[in-house]
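Thanks, everyone; I would like to take a few minutes for one structure, and to talk about charged side chains and helix packing. Please have the view open while I speak.

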Amino acid sequence: MSALERPMPPLNADERTTLESWLDFHRVTLAMKCEGVDDEQAAVASVPPSGFTLTGLVQHMAEVERNWFRRVLAGDQAPPIHDPQADPDAPDGGFELAEGATLGDALATWHAEIARAREHCADRALSDTGRFMGQDVNLRWIYVHMIEEYARHNGHADLVRERIDGTTGV
């Protein structure tokens, strides 16, 4: 049984509550996929030749949170976390593990980026915009994109976790 609580998003709520609840549901799902996994297990690649790992996935999602909520929505000039020399306009990084990378450190960084994301969204309307690829993009679109990004990667995390220790269905 998980130590984390993952409440079901409300079935009949306003648009913002629905979007934020589904995003939080998927964030908690990723955290649950990482529960009980040590650093060595979290660094195990899914299936060769892929280098996809749970630690790399958490690092990637920290980069994704930073990109969409800090760079795009808030206009911050925040550099990439795991490869400061990487192109900040190509936010697909974080998957590669640096020597000494740990799941605990990745989770801490990811949680910090989620906290910053919530701060950036708190006083904004769903129609408020940031800039992406030279165009306006509203918070509503960002929320939907983040939900699909997490849903896709949580499927990957489920397969990696099953390969590590047989755990499924979280």
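Let me begin with a network of salt bridges, which links Arg66, Arg70, Asp76, Glu113, Arg116 and Glu119; please keep in mind that this is a predicted model. By the rule applied here, the count comes to 15 salt bridges.

Turning to the helices, the axes of helix 3, residues 54-73, and helix 4, residues 103-122, come within 9 Å and cross at roughly 20°, and the two helices are therefore roughly parallel to each other. Their crossing is left-handed. On the helix 3 side the contact includes Glu65, Arg66, Phe69 and Arg70, while on the helix 4 side Trp110, Glu113, Ile114 and Arg116 are among the residues met. The residues of this contact divide into 12 nonpolar, four polar and five charged.

Which residue does glutamate 65 meet in a salt bridge? Its partner is arginine 27, at 2.9 Å from N to O, and the pair links distant parts of the chain, since arginine 27 is in helix 1 and glutamate 65 in helix 3, 38 residues apart. Both of these residues are buried.

Helix 1 also pairs with helix 5: lysine 33 forms a salt bridge with aspartate 158, with the closest N and O atoms 2.8 Å apart, and because lysine 33 lies in helix 1 and aspartate 158 in helix 5, the pair ties together parts that are 125 residues apart in sequence. Lysine 33 is buried, with a relative accessible area of 4%.

Finally, arginine 140 forms a salt bridge with glutamate 15, the closest N and O atoms being 2.6 Å apart. Here arginine 140 is partly exposed, at a relative accessible area of 30%, and glutamate 15 counts as partly exposed at 40%.

How values were computed
Residues numbered from 1 in each chain as written. Predicted model: local features only at pLDDT ≥ 70, side-chain atom pairs only at ≥ 80, totals over all residues. Heavy atoms only, no water. Axes fitted to C-alpha atoms, helices over the stretch in contact; angles between N-to-C directions. Helix = DSSP H or I, 4+ residues; strand = E, 2+ residues; numbered from the N terminus. Parallel < 35°, antiparallel > 145°, perpendicular 65-115°, else oblique. Left-handed = near helix turned anticlockwise from the far one by under 90°. Contact = heavy atoms within 4.5 Å. Nonpolar A, V, L, I, M, F, W, Y, C, P; charged D, E, K, R; others polar. Salt bridge = Lys/Arg side-chain N within 4 Å of Asp/Glu carboxyl O. Buried < 20%, exposed > 50% of the residue type's maximum accessible area, 1.4 Å probe, protein only.
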